[in-house]
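Please read the numbered points with the model in view.

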Amino acid sequence: MIRWMIVIFLALVFISWVTPVLQKLGLGKLPGDFRFKAFGREWFIPLTTTIVLSFLVSIIGQLL
């Protein structure tokens, strides 16, 4: 269980780092992607983008 939590956390961190590239592709602005300001920073939680990218990666993995 803790391994999955770590994997999910790392995936969210990675997606947050590549947000500018994803926004150019249209991802990151999907319904379910949360963006808010708190403590003087802008926070981004890409839930829907994570699901879409996970789906794409699983399809690519099955094809290989």
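1. A salt bridge is counted where a side-chain nitrogen of Lys or Arg lies within 4 Å of a carboxyl oxygen of Asp or Glu. The model under discussion is a predicted one. By this rule the count comes to one salt bridge: the side chains of Arg-35 and Glu-42 meet, with 2.9 Å from N to O.

2. Strand 1 (residues 33–38) and strand 2 (residues 41–46) run antiparallel and are joined by six bridges. Within this pairing, Phe-34 has Ile-45 of strand 2 opposite it. The hairpin of these strands leaves two residues between them, and Phe-39 there adopts a positive phi near 60°.

3. Helix 1 comprises 16 residues and spans 23 Å from its first C-alpha to its last, close to the expected 22 Å. How many of the 16 residues of helix 1 are buried? The count is one, and the helix is accordingly described as hardly covered.

4. A nonpolar patch lies on the surface, formed by Met-1, Ile-2, Met-5, Ile-6, Phe-9 and Leu-10, with about 720 Å² of accessible area together. Of these residues, Ile-6 is found in helix 1 (residues 2–17). Ile-6 counts as partly exposed because its relative accessibility is 45%. In an α-helix there are 3.6 residues a turn, so residues three or four places apart point the same way.

Definitions and conventions
Residues are numbered from 1 along each chain as its sequence is written. This is a predicted model: local features need pLDDT of at least 70, side-chain atom pairs count only at pLDDT 80 or more; totals for chains, interfaces and linings use all residues. Side-chain values use heavy atoms; hydrogens and water are left out. Patches are made of residues with over 30% relative accessible area and no salt bridge: like charges are joined within 9 Å, nonpolar side chains (Val, Leu, Ile, Met, Phe, Trp, Tyr) within 5 Å. Accessible areas come from the Shrake-Rupley method with a 1.4 Å probe; for residues, only the protein chains shown count as cover. Helices (H or I, at least four residues) and strands (E, at least two) are DSSP runs, numbered from the N terminus. Buried means under 20% relative accessible area, exposed over 50%, partly exposed in between (1.4 Å probe, protein chains only). The expected span of a helix is 1.5 Å times one less than its number of residues. Two strands pair if DSSP finds at least two bridges between them.
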